[in-house]
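Open the model in a viewer and keep the selection tool at hand. The stops below go from one selection to the next.

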Amino acid sequence: MDKNPQLQAHVLVEALPYMQRFHGRTIVIKYGGNAMTEAHLQEQFAYDVTLMKQVGMNPVVVHGGGPQIGAMLERLGVETRFVDGMRVTDAATMEVVEMVLGGRVNKEIVQGINRAGGRAVGLTGKDGALLRARPLRNAVADLGMVGEVAAVNPEVIRWLDQGDFIPVVAPIGVGARGESYNINADLVAGALAATLKAEKLILMTNVAGVLDKEGTLQTRLEAGAVAQMIADGQIYGGMLPKIQCCLDAVAAGVQAAHIIDGRVPHALLLEIFTDAGVGTLIAGSH
């Protein structure tokens, strides 16, 4: 395919002010959905994150891995039960979660970024006591080793950023007695963004972004407008916890939260470096 030099120059010029504005800033990315399971999107994500680091940003990647965990549990013959969309995690399941998230999935992402020319380091919330966890209470059932973030110790992330490494975090927390907890990756990304005073929190999903009742993509929303859309029932179901995560992050001082379509090639670069973007930006009132 012929490349248009003028178009390439225009793209670079459009990106320049964003590079300048976000230089030295932390951007927390929740990596999941199709972007994490389709080979060409995995490769593009690795290049996007590497480019962000090369132009002076500090990307921090938090990843999920629900489908991979499910496949491994099925292979091992371990029965899975869900309550309110959360996997009930007994001791046997937690072993598999830790093996898949902290092992295979984490290292595949690290390897992809390193192959793209970045310097990624994989860790879980247990490393450097990064994520202190407590049990997540549920009114319906005991969820076992499903946790929520009790506290974040960001020293290890800051140390990696300063050394020009890209942290890749598996959402496993450590309890008061050293036990492991399986934590929702969106919640971990939000907690890290708040603690690190990140410029942006970006949640990669398999949807275009936030849609209004006519089905029109909302490219920018203020926190107050989001609350109204929730009250009106325009935001519901699986989008609700993601939206709440974004609202919590901007309330905690994160400048903007984004819900973007990870199925779009180079979605990260398009959202950060172009005027149009590929999702919904949620801005705080500050």
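Select β5 and strand β8 (residues 166–170): the two pair in the parallel sense over five bridges. Two strands count as paired if DSSP finds at least two bridges between them. Strands here are DSSP runs of E with at least two residues, helices are runs of H or I with at least four residues, and both are numbered from the N terminus. Within this pair, alanine 120 stands opposite isoleucine 166 in β8.

This is a predicted model, in which local features need pLDDT of at least 70 and side-chain atom pairs count only at pLDDT 80 or more, while totals for chains, interfaces and linings use all residues. Residues are numbered from 1 along each chain as its sequence is written, and side-chain values use heavy atoms, with hydrogens and water left out.

Now widen the selection to the open sheet of eight strands, ordered β5-β8-β2-β1-β11-β13-β14-β12 with mixed pairing. At the edges are β5 (120–124) and β12 (220–222); each has a single partner strand, so one side of each is left without a neighbour in the sheet. From one strand to the next the twist averages 20 degrees, with axes fitted as lines to C-alpha atoms and angles taken between N-to-C directions from 0 to 180 degrees.

Next, select Gly65, Gly66, Arg87 and Asn182, which UniProt lists under "binding site" in an unreviewed entry. UniProt positions follow the numbering used here, feature names are shortened, and annotations may be inferred rather than shown by experiment. The four residues span 118 residues in sequence, yet no two of their C-alpha atoms are more than 12.0 Å apart, so they gather at one spot. The lining of the largest pocket takes in Gly65, Gly66, Arg87 and Asn182. A pocket is an open set of points on a 1 Å grid over the protein atoms alone, with protein on both sides within 12 Å along at least five of seven lines; lining residues have an atom within 4 Å of a point.

Is asparagine 182 buried or exposed? Asparagine 182 is buried, at a relative accessible area of 12%, and belongs to strand β10 (residues 180–183). Buried means under 20% relative accessible area, exposed over 50%, and partly exposed in between (1.4 Å probe, protein chains only). Beyond its neighbours within four places in sequence, asparagine 182 has contacts (heavy atoms within 4.5 Å) that include Thr89, Met94 and Pro171.

Finish at glycine 66, which is in helix α4 (residues 66–76) and is partly exposed, at 33%.

Technical notes:
1 Å grid on protein atoms, 1.4 Å probe; cavity = no way out; pocket = protein on both sides within 12 Å on 5 of 7 lines; lining within 4 Å.
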